[in-house]
Amino acid sequence: MINITLPDGSVKQFPEGVTSHEIALSISEGLARNVLAAKVNDTVWDSNRPITEDAKVQLLTWNDDLGKNAFWHSSAHLLAEALEEVFPGIKFGIGPPVENGFYYDVDLGDRTFSQDDFAKVEQKMLELARNKSEFKRREVSKAEAEKYFTEKGDEYKLDLIKDLEDGSITFYEQGNFVDLCRGPHIPNTGFIKAAKLMNVAGAYWRGDESKKQLTRIYGVTFPKQKELTEYLERLEEAKKRDHRKLGKEMELFAFSEKVGMGLPLWLPKGTLLRERLEQFMRKAQVKAGYQPVVTPHIASKELYVTSGHYEKYGADSFQPIKTPNEGEEFFLKPMNCPHHCEIYKTRPRSYKELPVRLAEFGTVYRYEQSGELHGLTRVRGFTQDDAHIFCRPDQVKEEFIKVIDLVLYVFKALGFEDYTAQISLRDPDNKAKYIGSDEAWEKAESAIIEAAAEKGLTTVTELGEAAFYGPKLDFMVRDALGRKWQLGTIQVDYNLPERFQLEYIGADNAKHRPVMIHRAPFGSLERFVAVLIEHCGGNFPLWLSPEQFSILPISEKYHDFAQQVYDLLAEMDIRGFVDNRDEKIGRKIRDAEVRKVPYMLIVGEKEQEENAVSVRRHGEGDLGSMKVDAFIQLFQSKITEILNN
């Protein structure tokens, strides 16, 4: 008998060789019908693979990300089987799952593949799925694997096999299709009830431009047709919310080829939005004890050699700036942290003044490949709401909790309510790839785990996902369309204090090394704004909207009164504009709705006589007439309600 530990901590005994499916069946038949795979200790396995020793087992369904990965990995194999039937002689590269679906890289020879082929391949996938073909795992020798794919004439699989060790190679077979694959897979193809091919693109084999370009076919599948329908509806909604589209319509930002790819230009309204975010964060940071600093956009190459960023990011940085002095080189800064280390070193530090919290909205530059640039989410120049906390080891947990509080305050004010905190720890079986003592790591990891628990965060723990210099906490946020984004990160760092020889004088009058905490609740301002635009569809929280009102005079006769109302609102720091265009009031209202202006204040003869405005709320309609003072009170109460709650 072997002991199986379930996620709730309970331990059950089973005969040696029990499968995850059999474990599920011992709990309930309903669960067994829905199990796609299982996490056995720290590895995902097929649900029908025998377990021969004591293990921790987590049963995975469609509701688990790892369950979806197994489902979509299997769907990639189903796609390949369908393609092989529709296009005999096709050759295959790799076919992994991705965040929303899967892809397979294929070589069609002289044939082409386009959206015109989607329907017949989808139909073939569903036809094959109905066969309920079992995914069969088989261990093979390297010689056997090479023989099979040599006979098949698939040079891409042979290229992959070259890098594999004998004794570690497995095949998976379903129906008439055999693939080189580590797995895991779902029990059979019958779980796949709905399939849709999404896109087709080119991809160089192994990402090497000197090698052949293959055809990359993207797809997505679901266990129910209804879920596919809902997914496609969300995609259509996502197109409407695309930050590139709304950013142009709302006149927030632009790009210019003459300025350079990936270098955004912030237009006046976008700048107002950005400045409001900065002011919001600056106010919160001052309250939390941060000190603002400013550092240059460039620095000597030696700074980044010392920090290790030159070795790590040198290839992704802009090329060095050479000066007339021989051998002198500068870099556009890829990170703010080395500069902050130098600020810390400007004078001796005592244990009594720690923690030192330095904050900067610092612009950094990284040379992203042109094919990876995407609106504001992937740019070459971006501003981080960066801060670095230099503290004693005994202060790490307390500081972590304070940063968590700040991150949650930001999420709440901006309407991000669905999030998970990922605790990223080092790999206990491969400590060699990390720096720092076991004692330091244990303290840091315990501090993060305890801090997250004390704050009642919903967490997932990932072993081996820590940075090489320390553990971290990443906040994974789901937006209004259910998409997952990484926003907000907190990292513990023993590396830079060591590299920069940072010190403080302790209570024992000896020199000690501080611990460094990196934190950025927004992360990149550019990326944060992009996610925020798509999350709220351009309908920003009232306090953040760059245009909070528009005054719409019915005719030219009321322009002066409109200006008087504008001046009153401006004095109260309420932002907006007067639409004095020679247009009918209906057109002005429609245009204000498109621009997503929260409040439209219509003024005519009656309003002028009563010192009032007729108020419309974006997306809600007419709120009736009210005195200007009453509108100001209404507006201010809404702002207070949003920020206080």
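Ile490 stands opposite Arg519 in strand E28. The model is predicted: local features need pLDDT of at least 70, side-chain atom pairs count only at pLDDT 80 or more, and totals for chains, interfaces and linings use all residues. Residues are numbered from 1 along each chain as its sequence is written, and side-chain values use heavy atoms, with hydrogens and water left out.

**Strands around E25**

E25 (residues 484-493) is largely enclosed by the rest of the structure, because eight of its 10 residues are buried. Buried means under 20% relative accessible area, exposed means over 50%, and partly exposed lies in between (1.4 Å probe, protein chains only). E25 pairs with E28 (residues 515-520) in the antiparallel sense over five bridges. Strand E24 (residues 472-478) also pairs with E25 in the antiparallel sense, over six bridges. Here two strands pair if DSSP finds at least two bridges between them. Asp474 stands opposite Thr489 in E25. The hairpin of E24 and E25 has five residues between the strands, and Gly482 in this hairpin takes a positive phi near 85°.

**The chain as a whole**

The chain has 20 helices and 33 strands. Helices (H or I, at least four residues) and strands (E, at least two) are DSSP runs, numbered from the N terminus. Of the 645 residues, 50% count as buried. The C-alpha atoms fill a box of roughly 90 × 70 × 60 Å, taken along the principal axes. Among contacts in the chain with a separation of 6 or more, 68% come from residues 24 or more positions apart. Contact means heavy atoms within 4.5 Å.

Five strands form an open sheet with mixed pairing, in the order E30-E29-E31-E32-E33. Strands E30 (576-578) and E33 (621-627) are the edge strands, each pairing on one side only. From one strand to the next, the twist averages 25°. Strand E32 (residues 612-617) and E33 run antiparallel and are joined by six bridges. Ala612 has Lys627 in E33 as its bridge partner.

Helix H17 (residues 559-571) lies across E29 (549-553), E30, E31 (599-603) and E32, running at about 165° to E29. Helix H18 (residues 585-594) packs on the sheet and touches E29, E31 and E32, and its direction makes about 170° with that of E29. Axes are lines fitted to C-alpha atoms, for helices over the stretch in contact, and angles run from 0 to 180 degrees between N-to-C directions.

**Two helix pairs**

Two packed helices are described by the angle between their axes and the distance between the axes.

| Helices | Axes come within | Crossing angle |
|---|---|---|
| H3 (residues 65-86) and H4 (residues 118-129) | 9 Å | roughly 115° |
| H9 (residues 268-287) and H13 (residues 396-413) | 11 Å | roughly 145° |

With axes crossing at roughly 115°, H3 is roughly perpendicular to H4. Angles of 65 to 115 degrees count as roughly perpendicular, under 35 as roughly parallel, over 145 as roughly antiparallel and the rest as oblique. H3 passes H4 in a right-handed crossing. The residues of H3 that meet H4 include Ser75, Leu78 and Glu81. By class, this contact of H3 with H4 has nine nonpolar, one polar and four charged residues. Ala, Val, Leu, Ile, Met, Phe, Trp, Tyr, Cys and Pro count as nonpolar, Asp, Glu, Lys and Arg as charged, and the others, Gly among them, as polar.

The crossing of H9 and H13 is right-handed. A crossing is right-handed if the near helix is turned clockwise from the far one by less than a right angle, and left-handed if anticlockwise. Phe280, Met281 and Ala284 in H9 meet Leu406, Tyr409, Val410 and Ala413 in H13. The contact of H9 with H13 has seven nonpolar, no polar and no charged residues.
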